[in-house]
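Reader: I would like to go through this structure step by step. Please show it first.

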Amino acid sequence: MNLPCITPPVFVQTALQMLHAAGYEAYVVGGCVRDALLGAEPHDWDVTTNAKPDAVVQLFSAYHVIETGLQHGTVTVVIEHCPIEITTYRIDGVYADYRRPETVSFTQSLDADLARRDFTVNAMAYQPETGVVDLYGGRADLAARRIACVGCATDRFEEDGLRILRALRFASVLDFTIAPETAAAIHTQKTLLLHISAERIWVELTKLLCGQAAERILQDYADVLFTILPELEPMYGFDQCNPHHCYDVYTHTLKVVMGVPAEPLLRWAALLHDAGKPACFTIDERGGHFYGHAVQSVAIAKIVLKRLKSDRKTYDSVLALVECHDTVWSSSDRQLKRLVGKIGLAQARNLILLHRADVGAQAEIHRAERVAHANQMLAWLDEWERQDACMSLKKLAVGGKDLMAIGIPQGKQIGICLQMLLEQVIDEQLCNERDELLAAAKEWKENAG
Ligand code: ATP
Ligand code: MG
């Protein structure tokens with residue numbers, strides 16, 4: 001296979017040239033080489049060099065230099081407003097806690113620096129004169145679309161358990177398979193993930209969920225997911241015994257994950273939306289039911305998101321989506337407008353996107369009509385956004401002060417009157433225009449008084 005060539009941007013070439021001119025070796029390395037060889041635009045460029053960190057700091061003293069992790073050999077240099085991480089060739093010392101080496105030592109050997117890296121596709125270096133340095137078969141694995149550890153998988157996971165989740169993350173994001181030896185070690189050693197900090201799990205699992213092959217990976221490595229999130233295990237293979245459902249709860253869940261856009265908030269909400277189903281299962285002559293499962297799913301989502309230390313915004317939004325995922329079924333345009341007034345346009349859109357994916361992963365009987373209605377609701381939202389339609393008190397053409405000015409007493413009355421005006425605007429009985437609203441408010445005051 002012909003892989004594309006690598007053309008680092010000018011600010012990266014400047015960094016390489018300055019290091020070379022000072023007599024050091026310097027290469028771009030890791031993710032940027034992988035992505036460039038795949039024909040994708042790297043999102044950051046990392047440089048590896050045999051220059052020691054203090055020499056790097058000195059060499060780039062004319063630039064803004066941030067001493068990011070001096071003890072690990074990393075210095076960030078800002079060239080033309082773009083940051084580049086420059087790290088000294090490094091050998092990792094003994095791993096005592098399955099997480100990170102107790103010590104790192106600097107080395108003059110690029111080979112040794114590449115050997116400490118996790119996967120063959122992440123262990124390549126490049127600079128224009130020598131071309132790609134590929135000592136571990138990274139290019140062959142890229143061509144075969146395969147994730148394989150550098151060296152013995154068992155040893156590499158023993159050193160750092162997070163690599164287990166990173167393997168799944170890269171396979172999901174790149175839509176790669178995992179080489180047999182690496183895959184076997186992942187299943188055998190998955191409990192090493194229990195030594196890894198919540199923050200690092202959160203980052204990798206979120207990227208995995210947003211990957212293009214998340215469904216395949218989470219199906220094939222469900223045991224790994226349940227090691228970190230045991231609360232989700234009851235969903236696995238759980239038969240819904242209901243004509244509306246053609247998949248078990250876990251399979252359905254993964255299809256919903258793939259059915260929403262690849263954004264963390266939506267993917268997490270999809271993963272958790274039915275987590276409470278197994279605990280709520282009842283059965284009668286009509287089949288299985290899951291009354292109250294959204295509330296139960298919220299309880300599980302709380303535990304999971306707290307344990308993984310998700311950020312506050314994701315926590316709040318995911319819980320709200322999980323809680324309401326079952327409520328927008330057959331909303332009319334007015335009901336939907338009211339909902340937007342309550343939860344805002346962005347969250348309403350997320351709720352419908354989740355709902356559309358949810359009904360899209362059900363049995364065929366009502367699927368097409370339900371998906372069509374969800375699409376209709378999304379079209380309404382687009383239309384209202386374009387019109388900048390009034391759906392909340394904030395957008396109403398009059399405020400509390402205007403109502404006081406026409407003699408409505410301060411306090412509860414103002415709120416009631418504003419709400420009444422908003423509802424009439426939403427129901428298209430009134431236009432959102434100041435004079436018309438004030439006239440309606442006066443009439444209300446007279447009738448109320
Ligand atoms: P991306 O930034 O696109 O998520 P990446 O490959 O650049 O992917 P980073 O986490 O930024 O991933 O790491 C940069 C490089 O450092 C990797 O390509 C790999 O060579 C090495 N690396 C990162 N984490 C580990 C680890 N846990 N064990 C071994 N090597 C690692
Ligand atoms: Mg990176």
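Reader: Which domains does the assignment of the protein chain give?

Author: This is a predicted model, where local features need pLDDT of at least 70, side-chain atom pairs count only at pLDDT 80 or more, and totals for chains, interfaces and linings use all residues. Residues are numbered from 1 along each chain as its sequence is written. Domain bounds come from an automatic or database domain assignment. They are domain 1 (10-144), domain 2 (146-228), domain 3 (235-387) and domain 4 (393-448).

Reader: How many Å separate the centres of domain 1 and domain 4?

Author: The centres are taken over C-alpha atoms. The separation is 63 Å.

Reader: How many residues surround ligand 1?

Author: A residue counts if one of its heavy atoms lies within 4 Å of the ligand. Among the closest are Arg-34, His-43 and Asp-160. Domain 1 and domain 2 each give at least three residues to the shell. The total is 14 residues.

Reader: Which residue has a side-chain N or O atom 2.7 Å from a nitrogen atom of ligand 1?

Author: A polar contact is a pair of N or O atoms within 3.5 Å. Arg-117 puts a polar side-chain atom 3.1 Å from an oxygen atom of the ligand, and Asn-122 has a backbone N or O atom 2.9 Å from an oxygen atom of ligand 1. The 2.7 Å pair belongs to Arg-163.

Reader: What percentage of the accessible area of ligand 1 does the protein cover?

Author: Accessible areas come from the Shrake-Rupley method with a 1.4 Å probe. On its own, ligand 1 has 580 Å². The protein covers 79%.

Definitions and conventions
Chains lettered and ligands numbered in written order. Heavy atoms only, no water. Polar contact = N/O pair within 3.5 Å; in protein donor to acceptor, adjacent residues only side chain to side chain.
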